[in-house]
Amino acid sequence: MNDTKPAQLIRYLARGWALVPLHDVTAGHCSCQDGPLCRSAGKHPRASQWQRPENLVITETKLWDTLTGWPSSNWGLATGLISQCWALDFDPKSVTEASAAEVAAILALLAQVPTWQQRTGSGGAHWVFALPDDFMPNNSAKRLPDGFDVRGARAGQWGGGQIVLAPSVSGVGAYAVLHDGDVLPAPAALLDLLRPTPPRERVRHGVTMPLNADAVQRYVTAATAGELADLEGTLSRRNDRAWRAAARVHRQVDPQPRGK
């Protein structure tokens with residue numbers, strides 16, 4: 001296998017991944033305007049509005065043009081609908097004593113799914129997964145134990161997340177592919193930890209507390225916005241996607257099953 005940088009990037013494009021040109025550290029510090037003071041050296045996009053389609057690389061022609069202008073550039077993967085994937089980031093240095101047991105359980109789940117995986121510059125790992133059918137994972141670490149982070153999309157949007165890709169070299173080290181396999185669905189138990197849950201009635205001291213109308217409205221509004229953003233970004237089979245969006249919005253508004 002040809003492991004030159006262009007060859008590896010072309011293989012990413014063949015997967016349908018949208019690539020993000022990133023700053024590099026070939027001068028001994030980040031190539032951005034902050035230089036030696038940059039706190040994310042070699043890990044952030046060159047374009048301030050990198051999510052815009054014109055700033056992403058999705059064709060070989062644009063790839064070669066970009067490499068001509070920035071031959072030392074690092075590269076990232078734009079997660080979300082545009083690449084049909086999301087990524088789980090693991091940083092062992094962030095694991096705490098309180099999160100260790102939960103982290104071990106999630107790592108055991110991940111070991112059962114041979115999806116695409118790489119080692120990060122800091123010695124952690126990225127797993128890339130196919131998008132689930134019923135929701136878009138959001139950029140957040142709040143729903144997982146310390147040590148894990150999610151890169152999928154900004155809340156209510158179809159994209160806006162990115163990870164650094166091998167063979168990039170950041171200010172803390174080099175990235176390397178550990179398993180160059182297919183991009184598979186994440187374990188169901190992991191998705192259950194990330195899936196948004198609707199507001200529910202609570203029972204306190206034997207008394208059922210009614211749902212907070214504002215919380216319900218915020219949930220439905222956010223979920224509907226996510227469906228519409230996903231639909232807007234769909235380039236093929238839009239009628240099928242529109243039907244699924246309508247069905248999901250209906251379930252959000254009226255989740256009770258109907259008898260015949």
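This is a predicted model: local features need pLDDT of at least 70, side-chain atom pairs count only at pLDDT 80 or more; totals for chains, interfaces and linings use all residues.
Residues are numbered from 1 along each chain as its sequence is written, and side-chain values use heavy atoms, with hydrogens and water left out.

**Overall make-up**

- The secondary structure comes to 6 helices and 13 strands; helices (H or I, at least four residues) and strands (E, at least two) are DSSP runs, numbered from the N terminus.
- Of the 260 residues, 39% count as buried, where buried means under 20% relative accessible area, exposed over 50%, and partly exposed in between (1.4 Å probe, protein chains only).
- Among contacts (heavy atoms within 4.5 Å) between residues at least 6 apart in sequence, 68% join residues at least 24 apart.

**Aromatic pairs**

- The structure holds 6 aromatic pairs; rings of Phe, Tyr and Trp (its six-membered ring) pair if their centres lie within 6.5 Å, and planes under 30 degrees apart count as stacked, over 60 as edge-to-face and the rest as tilted.
- Trp17 and Trp116 form an edge-to-face pair, with 5.2 Å from centre to centre and 85 degrees between the planes.
- Trp17 lies in the loop between α1 (5-14) and β1 (19-22), and Trp116 in the loop between α3 (100-110) and β4 (117-119), so this pair ties together parts that are 99 residues apart in sequence.
- Trp17 and Trp116 are both buried.
- Phe90 and Trp127 have ring centres 6.4 Å apart and planes at 50 degrees, so their pair is tilted.
- Phe90 belongs to strand β3 (residues 85-90) and Trp127 to strand β5 (residues 125-130), so the pair ties together parts that are 37 residues apart in sequence.
- Phe90 is buried at a relative accessible area of 11%, and Trp127 is buried at 7%.

**Surroundings of Trp17**

- Tyr12, Trp17 and Trp116 are linked into a cluster by ring pairs.
- Arg15 lies over the face of Trp17, at 5.4 Å from the ring centre; a charge sits over a ring if NZ of Lys or CZ of Arg is within 6 Å of the ring centre and within 35 degrees of the ring normal.
- Leaving aside neighbours within four places in sequence, Trp17 has contacts that include Tyr12, Val57, Leu77, Cys85, Trp116 and Val183.

**Nonpolar cores**

- The largest nonpolar core has 25 residues, and those with the most contacts inside it are Tyr12, Trp17, Leu19, Val128 and Leu165; such a core is a set of buried Ala, Val, Leu, Ile, Met, Phe, Trp, Tyr and Cys residues joined through side-chain atoms within 4.5 Å.
- The elements that give two or more residues to this core are α1, β1, α2 (60-69), β2 (74-80), β3 and β7 (159-165).
- A second, separate core of 22 residues includes Leu110, Phe135, Val150 and Leu194.
- In soluble globular proteins, nonpolar side chains tend to be buried together.

- In β2, 7 of 7 residues are buried.
- Asn74, Gly76, Ala78 and Gly80 cover one face of β2 as buried residues, and Trp75, Leu77 and Thr79 are buried on the other.
- β1 and β2 run antiparallel and are joined by 4 bridges; two strands pair if DSSP finds at least two bridges between them.
- Leu22 stands opposite Asn74 of β2.
- β2 and β7 also run antiparallel, joined by 6 bridges, and Ala78 has Gln162 in β7 as its bridge partner.

**Loop residues**

- Val183 is placed in the loop between β10 (176-179) and β11 (184-185) and is partly exposed at 24% relative accessibility.
- The C-alpha atoms of Val183 and Trp116 are separated by 5.4 Å, although these residues are 67 apart along the chain.
- Beyond neighbours within four places in sequence, the contacts of Val183 include Arg15, Trp17, Thr115 and Phe129.
- Gln84, in the loop between β2 and β3, has a positive phi of about 55 degrees although it is not a glycine, and it is partly exposed at 45%.
- The peptide bond from Ala166 to Pro167 is cis, with omega near 10 degrees, and Pro167 is found in the loop between β7 and β8 (169-170).
- Most residues other than glycine have a negative phi, and most peptide bonds are trans.
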